[in-house]
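Work through the exercises below with the sequence and the model open side by side. Try each task before reading its solution.

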Amino acid sequence: MKTLQISLLLIAFFMSGCGGSAPTSSPGPVPVATELPLPTATLEIPTTPELFFEIKDESNPLKTPYGIALDSDENIYLNDAGNSRVLIFDSAGRLLSKWDKKGSGEGEFNSLGFGGIAIDSNDNVFVVDNGNHRIQKFDRAGNFLTQWGSEGTDDGQFVRAIGIAADVAGNVYVTDDGNPFVQKFDNNGQFLTKWGGAGKGDGQFSHATGIAVDREGNVFVADYENQRVQKFDQQGTFIVAWGMGEDIALTGTPEGIAIDDQGQVYVTDYALGRMQVFSNEGDFLWSWGIKSFTDPMFKKPVGIAIDSQGHVYVVNQKGNTVQVFSLPR
């Protein structure tokens, strides 16, 4: 495969003494394999990336950011989970708004330090508020619309909700670290169906995290501890599964998932600090992100989003940054 060239645009959220911790079930140190070469299909990244712009909240720096999503104007919505808030930036990186009331009331958040965010085709914003065991729905201006969920393992309940996605019909899908099912709801939180269960078999999960839905309604789930991605139809029927890291002979750990307009599947590798791209059926296409196995380009990458121009937004939980890559079209 011909080596591709891309330019790296970097959004740096400069931190001042604000460390963050990952979910408790996150992996240990990255394996050291410094003598392994980069895979030949890896995109070549310039060694000195251009600083595109900076996004900051001067009054309160980021802490373990996680989910990221874009509205129809490609404004950036970031779940700054360690601070129990949502930040909204325009496409030039200017802070537009922040929803930052901590608590358990309507429009307030109590995050466990991780959690997704999703936006539907009508610009409704869905936020995982896992410390309150619920999903909250807002309009794009931050007006509270509705909420659903409570603590537990019954239908419509959550233990530690993590990932969230919306399909073209407005249905909402949620993964849960402590309750190993994907739950599907209508746009206002009415429970529709669920699938999964604990295990290693087809359609089962162990610590499901990221989730994304393509235009045809196929659902892709990062099955974190089983170290694989699983694909389902919109009713939860298992289609296919595949692993991570086969191109470099190291087992990767999927975390965040996004789908581009061609149906290609982008997956962040939390443990190895890299990105892999697959066809819609799970065939490996290419990867990037490893400068060396002891100094990866990505630092515990979690949430990921793709805009209409082919820019890929990657949230780094360690270091509290978002990187933006411009891919060839």
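**Exercise 1. A strand and its two partners**

Which residue in β20 stands opposite Pro254? Bear in mind that the model is predicted.

Solution. 

Step 1. Pro254 stands opposite Asp269 in β20.

Step 2. Strand β19 covers residues 254-259 and pairs with β20 in the antiparallel sense, over 4 bridges.

Step 3. Look at the connection. The hairpin of β19 and β20 has 5 residues between the strands. Within this hairpin, Gly263 takes a positive phi near 85 degrees.

Step 4. Turn to the other partner. β20 is joined by 5 bridges to strand β21, residues 274-278, and the two run antiparallel. Val267 has Gln276 as its bridge partner in β21.

Step 5. Buried means under 20% relative accessible area.

**Exercise 2. A lysine in a strand**

Is Lys137 buried or exposed? Find the side chains with which Lys137 makes polar contacts.

Solution. 

Step 1. Locate the residue. Lys137 lies in strand β9, residues 134-138.

Step 2. Apply the cut-off. Lys137 has a relative accessible area of 5%, so the residue is buried.

Step 3. List the neighbours beyond four places in sequence. Lys137 touches Asn124, Val125, Phe126, Asn143, Phe144, Leu145, Thr146, Asn187 and Asn188.

Step 4. Take one of these for a distance check. Asn124 is 13 residues from Lys137 in sequence, and their C-alpha atoms are 6.8 Å apart.

Step 5. Find the polar contacts. The Lys137 side chain meets that of Asn187 at 2.6 Å. With the side chain of Asn188, the polar contact is 3.0 Å.

**Exercise 3. A glutamine in a loop**

Solution. 

Step 1. Gln157 lies in the loop between β10 (144-148) and β11 (161-166).

Step 2. Beyond four places in sequence, Gln157 touches Ser150, Glu151, Gly152, Asp176, Asn179 and Gln183.

**Exercise 4. An open sheet**

Solution. 

Step 1. Write the order. The 4 strands run β15-β16-β17-β18 in an open sheet, with antiparallel pairing.

Step 2. Read off the edges. β15 (208-213) and β18 (238-243) each have a single partner strand, so one side of each is left without a neighbour in the sheet.

Step 3. From one strand to the next, the average is 20 degrees.

Step 4. Inspect one pair. β17, residues 228-232, joins β18 through 5 bridges. Lys231 has Val240 as its bridge partner in β18.

How values were computed: Residues are numbered from 1 along each chain as its sequence is written. This is a predicted model: local features need pLDDT of at least 70, side-chain atom pairs count only at pLDDT 80 or more; totals for chains, interfaces and linings use all residues. Side-chain values use heavy atoms; hydrogens and water are left out. Buried means under 20% relative accessible area, exposed over 50%, partly exposed in between (1.4 Å probe, protein chains only). Contact means heavy atoms within 4.5 Å. A polar contact is a pair of N or O atoms within 3.5 Å; within protein, one must be able to donate a hydrogen and the other to accept it, and residues adjacent in sequence count only if both atoms are side-chain atoms. Two strands pair if DSSP finds at least two bridges between them. Axes are lines fitted to C-alpha atoms, for helices over the stretch in contact, and angles run from 0 to 180 degrees between N-to-C directions.
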